[in-house]
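Notebook open, structure up on the screen.

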Amino acid sequence: MTEMTVTTPAGMKRSLLRDGLMVAAAALMAVNLYLIFFWVPTEANLGVSQRIFYFHVPLGWLGMVSIVVVAFASIMHLITRKQKWDALAYSSAEFGVIFATLIIVTGAIWGKAAWGVWWSWDAKLTTTLILWFIYVSYLMLRAYGPKGSQGLRYASVLAIIGAIDAPIIYMATTWWRTLHPELVVGPAAESGSLEARMGIALLFSAIVFTVMYIYLLWERVSLRRQEDAVDEFHQTVSLRV
Amino acid sequence: MQLMSSIRQSHFVCKATLAAVVLVVVLAAYGVFAGVASASVERPQAVAGQVIVPQAEEGQAREPEANLPYLFAVFIITWALMFGYVFYMSRRQQSLQREIELLRAALNEKAGKQANEVGANQ
């Protein structure tokens, strides 16, 4: 039995914390949408399409965080052999696919609005597409690769290599002069490159999306562990019946 | 039994509420924003017999509300995918619960049969 029951005090505390996180994520998201639609000024050149920025950039951030989480959890699983790390790695990879898909889709739509094209083989876009392929490969390897510890090792190595792509995506516009706008947030960005209210809204949006990610990841990890527990239960029943 | 209690029962309602809240906010924002934009920007009047040509890309970018469909496409796709995934998780949880009930029934049936056999032997 791997999952903590909700009837124990610790289980109830976790359950309350998880519910609280969900309520916080919903409330913060409502505020975030208000800020994006009503509070932030409209950009002069791009018009309202610039508001895609407040979704696109946090999704990009989470796409990169997810692969780092997958790699970290994979390393921890290789070291400790504890099932919870594997559940975390797998769950984060699933979210990674969703975020990477959304980065590409939202970027393509914004690209059409701003540049007049859906896609360009720009360094940032291409490295993000590579990240998407890494996530998909990871999940395919888990589903169809060798079973047991060998498959897990292969997937872990892929995740660790994938994590190297995250800083490359971030630095792509600095290392290669491309169509994609220059960095406006993070350690490599120029200070003052973003209007104050836009910067606040972007930061807030990134925090809200991160809270939502933590909550959903928690739910998914819990579900994954229950799936593992049901598999164990199946084995027990097949042995007894 | 312990496993059954570990399956969290009804987050589905909470998630549906979250979905409804976000959807209402987005739709309200769309309504208000589109209303404000259409009131503040002069639109070209259609003249009988005149063909209305779509605006050039550059021109579109200059008008504040010209790219509104792109903005809402992004928001709708993002939320559709997110809630689609949450829905998948809820369904998976329900199917796990059904699976456990079946397994428990199989175990109880087996235990009942064994008890009957022991009783008959005695």
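These are my entries, from the whole chain down to single contacts.

**Ground rules.** I am working on a predicted model, where local features need pLDDT of at least 70, side-chain atom pairs count only at pLDDT 80 or more, and totals for chains, interfaces and linings use all residues. Residues are numbered from 1 along each chain as its sequence is written, while chains are lettered from A and ligands numbered from 1 in the order in which they are written.

**Chain A overall.** I find six helices and zero strands in chain A (DSSP runs numbered from the N terminus: H or I of at least four residues for helices, E of at least two for strands). The C-alpha trace of chain A spans about 70 × 40 × 30 Å along its principal axes. Of its 241 residues, 39% count as buried (20 or more other C-beta atoms within 10 Å of a residue's own; exposed is 12 or fewer, partly exposed is in between, and C-beta atoms are placed from the backbone).

**Helix 3 of chain A.** I checked the length of residues 83-114: at 1.5 Å a residue, these 32 residues should span 46 Å, and the end C-alpha atoms are 46 Å apart, which agrees. The expected span is 1.5 Å times one less than the number of residues. I count 24 of the 32 residues as buried, so helix 3 of chain A is largely enclosed by the rest of the structure. After the helix comes Gly116(A), with a positive phi near 90 degrees.

**Across to chain B.** Helix 3 of chain A packs on helix 4 (residues 68-121) of chain B at about 170 degrees, axes 9 Å apart (axes are lines fitted to C-alpha atoms, for helices over the stretch in contact; angles run from 0 to 180 degrees between N-to-C directions). That makes the two roughly antiparallel (over 145 degrees). By class, I get twelve nonpolar, three polar and one charged residues in this contact (nonpolar is Ala, Val, Leu, Ile, Met, Phe, Trp, Tyr, Cys and Pro; charged is Asp, Glu, Lys and Arg; the others, Gly among them, are polar).

**Helices 4 and 5 of chain A.** How do the axes of helix 4 and helix 5 of chain A cross? They come within 9 Å and cross at roughly 165 degrees, and the helices are therefore roughly antiparallel to each other. The residues of their contact divide into 13 nonpolar, six polar and three charged.

**Val65(A).** I place Val65(A) in helix 2 (residues 53-80) of chain A. Val65(A) is partly exposed, with 18 other C-beta atoms within 10 Å. Tyr213(A) is 148 residues from Val65(A) in sequence, yet 10.0 Å away in space, C-alpha to C-alpha.

Note on methods: Parallel < 35°, antiparallel > 145°, perpendicular 65-115°, else oblique.
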